[in-house]
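Grab a pencil and work through these exercises one at a time. Try each task yourself before you read its solution.

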Amino acid sequence: MEMLSREIQRGFLFLPRYLLAAILILCLTGCQSINHLREAQDSFNSAAAMENRIRLEPLAGASGLESKLKEPADQVLADFNSVRSGYASTLLSLGKLSGKDERALKADRLWGVVLTLKSMAQWRLKDYDAALRTAEESGLQAADQLYPRDAALLAALPGLIKIDLAYDKIAAMQPGHTEANRLLLDKEIRPRLVGLTVSDDKNAVYILRQARIKAGANHPINVYLIQSQLAAYRNYQVAYQNIYEKSPGNDDFAKKEAQYNLGDLETLFNNLKFGQAGKTVIDSWKNAYTIMPEPRPTP
Amino acid sequence: MVTDSTALILFVIRSAAKLSQQIRLAYVDDTRRRDLILPLPNFFSSTNVIDAVDYFTYEDFGLRFVTGYEWKGRKYPPDLRLKELLDQQQAGTLDAQGEAELVDLHTKYRNVACAEDGGLSWQADGGGKADPEQIYALLSIQQWQRGTDPTPSTLHRISGTIIEIGIDYALTSPDLFDRNSKKGKAVAGFLSGLDTTIDFKEGDLSEIPGRLFVAMLETTADNSALLSGDPKIQDFVNVTTRSISKDIAAWLDRIDADPDLAADEKSEARLCAKDWAEMVFRGMLSSGGRLVLTNPARFMGVKDPAGQVLIASVGTSMLDFILEDSRGVRNVVSAEGLETILQAALKTTGEHPEILAWTGNEGVTKLLTGLASELARTENLLTFGIFPEIARMVLENTGKNLDLFWPDLKKEPESHLFVVAARTTLEILSSPAEAGMQWQPGFGREDILSVTQCVLDELVSNPGWLVNEAGQLSGTLEEVLSATLGVLRGRADRRLSPGLAADILRAILKAMVLRKDFISEVDGRPIISAIVDAVVAGIFNDERDAAVAWQLAGDRTLKGIIDVSLRQMAKHGLDKATIEKLSSVMNDQIALIEAGNLFDLDKFAAALSNKLSV
């Protein structure tokens, strides 16, 4: 055993230093395409973090400033240009990928990651058609390289776009109980966000539910998807308030669905053991928009 | 030492290439699994005056801040300014400044509510708010749910690669150990086995123990001379380890290929398979070794149609039975229990190799599976931990009359008289007493085993009263046991121990062979049960003097009375009249005890004989 140990030591001490360098060179070769992808991921994460921070501060209970504002949030965001720059930078990094890089990334089974990131950045930059085309392309070119989170995101994308489209319509509304507003709510806003009937399958809440099913009940992506469903309900709630000067009643199935979704979120946080952080999120949604989390009835 | 520097340089280059490839793959995996911060879609996150009014309207939300409330023993008065604003809003007189103030109060009290629920550290000046970082952090989403990432971690890749480089170095270095020596060959063989069967850098970590075990078994098989100088033992080690290693390798492959198992279920199944294979291997070495030494021709000479020796077939049968585990047997069989079954299986198949030969080596597995299935039909029976002992009894007694007890060996090895008899007995003994019965206790493990052993012994020694003309178990066993137990439950009380009750049942079973008429019925039950009833009825009667139970309810005395009664009754006619005579004699004995006399078993026997002779 002692002889063995000596032999092993001698063997490795023989390793020339330049061969160690060779290991590093070999590692780095062929990583250029991956580095572009990682740059794009970093840009996207920075932009998304900033955007979430700005958007969610009122939900977290910011005092004073927000309460004075009547305009939609994004119009008063001083940092919004930085956010847009971040997403644009994501697309720039992904645009640097050559044909050779594309082949390398496909061989490394990372092409699905690329396309998902690209479609999300296009969505945030309001290039909805491009985002949907990229999502479709990922299904054709990288179906076997779409992993659980990315696959759920691409499935959710049409719903996320609908929420943004409805948001723009609501932001442009002049509050008041008018025929025009009622038509807008019934024809454009409600169908996009929560649906006109329980069986409606074209609205954002339904599309996001299908994405949740795709991901599986306990995948962390559900934290995002459920809050997006709540965002859809919130937009509907504001549109309703603009017209009727009150919130949807307890007999409104959209409100009921929002309560079930918040209940699902609470269950998810318990299953994933998110502790106090999860409770804070639930309480924030609950108390800000008066949505009581309720357990979803079992079929 | 690798003296050829060219060979060393080539080895180093190969190793460097291997390591760099794995580092790159780790980089790729990390990129794929990187967390992504997901931006929520556009929505109206700021609250408005309607949201504020909603919040302060409902009891489940903020109404308490309007009306005042008590929390943790402290009273909080109503917020009068809040109420004033809400009244103005309802009256339609609230101006823009009032609206802004109302929205601010909504924000303030949301934070108070959060603090009261333990959500944040509340600041006395009322300016505190929830920690937004907690909310933002939850939107950083990973690619896979925890525990489902199919790619190896960076540490796994790198350390696995280093291990493989070490194995390569050991295999290519001629001076590391003497390959001409037996030990050197064994080490080289083991390392070679590792090199070809285990992927340390990318294989699932849970695969490694099982594959290491297989490699160890294969090495042992090829180098059995290292373990013993006795050729019989060498052969035995060789065949046993070879058969188990093949079997466990096949199980590991089967687990890998199972589409219905999730990744974490596969990991658990692999580790479980390896643990059980190790236990079977140890059991085979300790049990089989002794048998091989006593009768090598039987255990090593007899081969199945595939050429595998008998002893190896028993080991793989046992392993297959445990790993199939459709009845949760793994939960109730320990290493000791496994060895008990192994020994019995080896002994029986040694005497009757056709059990394996005629059933394609599946006879033992099917018998044990059938037994486990039968026991599992009775609720909680397997938890008694009796399966190994019952299996041993069934296996050992099977060989005593294979044609009778296992007639359909070739077609239905699981339809076995002992299995049916064991189940019948166990079902009756393990059933709880009905409500209202005087005697409630349940039988313990040892009592159940002793009665079952007695049933199986009777099947072997006196099958006449248990087996019908079709060669199947008759209903007699169930009738006799149920009726007798029913008598004990109805008549006895806590002075009857479960052990004594088991003794009485065994006495009944052994007595059945004395007279066929014991099974005849009187008053709707077998006569033998009526005899027991006649004996115990007076003993456990609360209206009698306590001295009666004191003298007669003892273990030895009561059992003695039962034995004597059964023997005496067997010599005379068995009908209602003779039972009444027995009752009469018992009453006389009881009267004597109540008069202050001591009970004498011989005198009782004589009195009973005289009475029955009349």
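**Exercise 1.** Is B:I13 buried, partly exposed or exposed?

*Solution.* Before starting, know that this is a predicted model, where local features need pLDDT of at least 70, side-chain atom pairs count only at pLDDT 80 or more, and totals for chains, interfaces and linings use all residues. Residues are numbered from 1 along each chain as its sequence is written, chains are lettered from A and ligands numbered from 1 in the order in which they are written, and side-chain values use heavy atoms, with hydrogens and water left out.

Step 1: get the cut-offs. Buried means under 20% relative accessible area, exposed means over 50%, and partly exposed is in between (1.4 Å probe, protein chains only).

Step 2: apply them. B:I13 has a relative accessible area of 43%, so it is partly exposed.

Step 3: B:I13 sits in helix 1 of chain B, residues 5-33. Helices (H or I, at least four residues) and strands (E, at least two) are DSSP runs, numbered from the N terminus.

Step 4: Accessible areas come from the Shrake-Rupley method with a 1.4 Å probe; for residues, only the protein chains shown count as cover.

**Exercise 2.** Describe chain B as a whole.

*Solution.* Step 1: chain B has 27 helices and six strands.

Step 1: of its 614 residues, 51% are buried.

Step 2: chain B exposes about 27,800 Å², with carbon and sulfur atoms supplying 51% of that.

Step 3: take the contacts (heavy atoms within 4.5 Å). Among those in chain B with a separation of 6 or more, 71% come from residues 24 or more positions apart.

**Exercise 3.** How many residues of chain A are in contact with chain B? Then work out what the interface looks like.

*Solution.* Step 1: count. On chain A 99 residues take part, and they touch 68 residues of chain B.

Step 1: get the area. The two chains bury about 8,000 Å² between them, 62% of it on carbon and sulfur atoms. Buried area here is the accessible area (1.4 Å probe) that two parts lose on being put together, summed over both.

Step 2: A:R38, A:R149 and A:N287 supply 9% of the area that chain A buries against chain B, more than any other three residues.

Step 3: check the salt bridges, meaning a side-chain nitrogen of Lys or Arg within 4 Å of a carboxyl oxygen of Asp or Glu. There are four between chain A and chain B. One pairs A:D108 with B:R24, at 2.7 Å from N to O.

Step 4: look at that pair's surroundings. A:D108 is buried, at 11% relative accessible area, and B:R24 is buried too, at 17%.

**Exercise 4.** Which residue forms a salt bridge with A:D264? Follow up on what that pair does.

*Solution.* Step 1: the partner is A:R296, and the closest N and O atoms are 2.9 Å apart.

Step 1: A:D264 lies in helix 13 (residues 253-271) of chain A and A:R296 in the segment after helix 14, so the pair ties together parts that are 32 residues apart in sequence.

Step 2: A:D264 is buried, at 15%, while A:R296 is partly exposed, at 31%.

Step 3: widen the view. Salt bridges with shared partners join A:R209, A:R212, A:E257, A:D264 and A:R296 into one network.

**Exercise 5.** Where does A:N235 lie, and what is it in contact with?

*Solution.* Step 1: A:N235 is in helix 12 of chain A.

Step 1: A:N235 has a relative accessible area of 0%, so it is buried.

Step 2: skip neighbours within four places in sequence. On chain A, its contacts are A:I163, A:Y167, A:I170 and A:L193; on chain B, they are B:N42, B:F43 and B:F44.
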